Amino acid sequence: MIITLTPNPGIDRTIAVPALIRGSVMRATDSREDPGGKGLNVAAVLTSMGHRSVAVAPVGATDVDLFASDLGARRVQHCLVSSPCPTRRSVAVVEAGGRATLFNEPGIGQSQRVWDRILEEVAALAPQASVLTVSGSFPPGTDPELVRRLTRLAHESGLRLVLDVSGVHLLRALGLRPDLVKPNRVEAAQTLTSLGRGEVPSVPGAARALVAAGARAAIVSDGTNGLVLVHDD
């Protein structure tokens, strides 16, 4: 089983308009809301491929039913931790020609009590699992020690750990030897600059530098140019 953790899930609202005209009042032709988040997407893909997974996420108390209904409809096993913080919204305004303009809220920092509940749920699931993934952003103000606690929990529980995170959270985890990290090119460069590694000349160079900094393996993606995987051997 694979446990997927989404630290900062959101509700994706999509609004269709004929054309986006700044400073104008426009009438939408369609509108919908869908629960979203990188880790939830990972769990949904794994489930569609026949792999057992459990999606873990903190969700605003008023949105738990919406998330549970959506994941249940997709047959995604889930463990949602109710939070007093409202779930962030992301708005996509999609024009008739397909062009999309996105507005992403940053989210609201969770209390230590919520994060402790998250770790308890992951620890309870760990005996049945082989991998823990942590995917996406963290709410503003999240203690970087959280990702180190997750890394230690994974190692102590015998789980392989995949981190698709960035910024200080990736930076703080590298020294604890996560099994796989997956930043994009820009995120990798920012992390390596913070480590004092200087300018990174290439995507393969960035992946090698992340492994040298502690990751057992690193995938660095570069949009339509593809991605590079470097392992510590």
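Modeller: Go ahead. About 80 Å³ of space lies in the largest cavity, and keep in mind that this is a predicted model.

Colleague: What makes that space a cavity?

Modeller: A 1.4 Å probe fits in a cavity but cannot get out, whereas a pocket is an open set of points. The structure holds one cavity of 30 Å³ or more.

Colleague: Which residues lie nearest the centre of the largest cavity?

Modeller: Those are Asn8, Pro86, Thr87, Arg88 and Gln110, out of 13 lining residues. Strand β4 (residues 53-60) gives the most to this lining, with three residues. By class, the lining of the largest cavity has seven nonpolar residues, five polar and one charged.

Colleague: And the pockets? What is the volume of the largest pocket?

Modeller: The largest pocket comes to about 330 Å³. Its lining takes in 20 residues, with Asp12, Gly37, Arg88, Ser90 and Asn104 nearest the centre. The elements that give two or more residues there are β2 (10-17), α1 (38-48), β6 (88-95) and β7 (100-104).

Colleague: How does the lining of the largest pocket divide into nonpolar, polar and charged?

Modeller: Four are nonpolar, twelve polar and four charged.

Colleague: What about the second largest pocket: which residues line it?

Modeller: Its volume is about 220 Å³. The lining is Ile2, Val42, Val45, Leu46, Met49, Val131, Thr133, Ser135, Val162, Asp164, Leu180 and Lys182. Here α1, β8 (131-135) and β9 (160-164) each give two or more residues. Eight of the lining residues are nonpolar, two polar and two charged. Asp and Lys count as charged, so Asp164 and Lys182 are the charged ones in that list.

Colleague: β8 turns up there. Why is β8 called mostly covered?

Modeller: Buried means under 20% relative accessible area, and five of the five residues in β8 are buried, so the label follows from the cut-off.

Colleague: Which residues point which way from β8?

Modeller: Val131, Thr133 and Ser135 point one way, Leu132 and Val134 the other, and all are buried.

Colleague: What about strand β1: how many bridges does it share with β8?

Modeller: Four, again in the parallel sense, with β1 covering residues 2-5. Leu5 stands opposite Val134 in β8.

Colleague: Which residue other than glycine has a positive phi near 60°?

Modeller: Arg75 is one, with phi near 60°. Arg75 sits in the loop between α2 (64-73) and β5 (77-83). Arg177 is another non-glycine with a positive phi, about 60°, and its place is in the loop between α5 and β10 (180-181).

Colleague: Why does Arg75 count as exposed?

Modeller: The cut-off for exposed is over 50%. Arg75 has 73% relative accessibility, so it counts as exposed.

Colleague: And why is Arg177 called partly exposed?

Modeller: Partly exposed covers the range between the buried cut-off of under 20% and the exposed one of over 50%. Arg177 has a relative accessible area of 30%, so it falls in between.

Colleague: Last one: what makes Val168 partly exposed?

Modeller: Its relative accessible area is 38%, so Val168 lands in that middle class too. Val168 lies in helix α5 (residues 167-173). The C-alpha atoms of Val168 and Ala19 are separated by 38 Å, with the two residues 149 apart along the chain.

Methods. Residues numbered from 1 in each chain as written. Predicted model: local features only at pLDDT ≥ 70, side-chain atom pairs only at ≥ 80, totals over all residues. Heavy atoms only, no water. 1 Å grid on protein atoms, 1.4 Å probe; cavity = no way out; pocket = protein on both sides within 12 Å on 5 of 7 lines; lining within 4 Å. Points joined across faces, edges and corners; volume = space filled by probe spheres on them. Buried < 20%, exposed > 50% of the residue type's maximum accessible area, 1.4 Å probe, protein only. Pairing = 2+ DSSP bridges.
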